[in-house]
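Good morning, and thank you for coming.

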Amino acid sequence: MASDDLIREIAATAARLVVEEGLEYGPAKHRALKVLGLPKRSALPDNESLEDEVRDYLALFCADTHPVELAALRQLAALWMERLAEFRPHLSGAVWRGTATRLSNIHLQLFCDDSKAAEIALLNAGIDYDVGQGSDPRGRSVDMLVLAAFCRELGESVTIALTILDHDDLRGALKPDGRGRSERGDLPALRKLIQEELDKPHD
């Protein structure tokens with residue numbers, strides 16, 4: 001069994017990969033094992049521990065850039081949530097949790113009555129996208145629509161991943177995690193987060 005110190009080292013290495021390379025948590029953990037020369041079956045840190053390390057890394061190395069980049073991504077997410085309002089969009093991932101940088105993807109979950117309706121809406125709007133695979137709350141494979149959107153504040157394109165979920169999945173979607181924090185939020189909740197950041201006193 002891996003020691004607590006080793007798991008913390010894996011988490012710290014994975015956190016650097018998340019911030020510097022924009023990796024998602026799962027791939028970052030496995031890459032960290034390679035970086036550290038550890039066996040593939042080594043015990044891995046949980047996502048909460050990794051998120052703590054990401055926050056520490058951001059505070060230490062990205063204190064100047066992180067708030068600006070996070071705000072830009074949240075504004076872009078809000079714009080797309082307005083555009084996709086009919087599909088009950090909820091923001092999840094690093095942009096929702098407040099750990100995103102310019103390398104992070106924007107993850108929107110769409111709760112649809114018809115699984116193909118969002119694709120049709122994108123086609124009708126002339127928006128190019130690729131179809132990938134995501135997971136629903138029960139771990140089943142579902143479609144993920146991946147597109148690029150230009151972010152004016154960052155001066156570059158950002159990847160937006162739209163996970164297509166069933167309308168019924170919305171009932172349990174707002175349950176908090178083990179620390180009482182929500183895993184996702186709708187547009188009013190996102191706007192509240194944006195306003196709270198604007199209202200914070202800054203040095």
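Leucine 108 stands opposite leucine 162 in E5. This is a predicted model, in which local features need pLDDT of at least 70 and side-chain atom pairs count only at pLDDT 80 or more, while totals for chains, interfaces and linings use all residues. Residues are numbered from 1 along each chain as its sequence is written, and side-chain values use heavy atoms, with hydrogens and water left out.

Strand E2, residues 106–112, pairs with E5 in the parallel sense over 7 bridges. Helices (H or I, at least four residues) and strands (E, at least two) are DSSP runs, numbered from the N terminus; two strands pair if DSSP finds at least two bridges between them. Cysteine 112 also faces a residue of E5, namely aspartate 166. E1 and E2 run antiparallel and are joined by 3 bridges, and here serine 92 stands opposite histidine 107.

Where do these strands sit in the sheet, and in what order? The sheet is open, with 6 strands in the order E3-E4-E5-E2-E1-E6 and mixed pairing. E3 (130–135) and E6 (184–185) stand at the edges; each has a single partner strand, so one side of each lacks a neighbour in the sheet.

Is E2 enclosed or open to the outside? Since 7 of its 7 residues are buried, E2 is largely enclosed by the rest of the structure. Buried means under 20% relative accessible area, exposed over 50%, and partly exposed in between, with a 1.4 Å probe and protein chains only. Both faces of E2 are covered: Ile106, Leu108, Leu110 and Cys112 are buried on one side, and His107, Gln109 and Phe111 on the other.

In E5, residues 156–166, we find threonine 163. Threonine 163 counts as buried because its relative accessibility is 7%. Beyond neighbours within four places in sequence, threonine 163 is in contact (heavy atoms within 4.5 Å) with residues including Leu108, Gln109 and Leu110.

Finally, the aromatic rings. Rings of Phe, Tyr and Trp (its six-membered ring) pair if their centres lie within 6.5 Å; planes under 30 degrees apart count as stacked, over 60 as edge-to-face and the rest as tilted. The count comes to 1 aromatic pair. Tyrosine 57 and phenylalanine 61 have ring centres 4.6 Å apart and planes at 45 degrees, so the pair is tilted. Tyrosine 57 is buried, at 13% relative accessible area, whereas phenylalanine 61 is exposed, at 55%.
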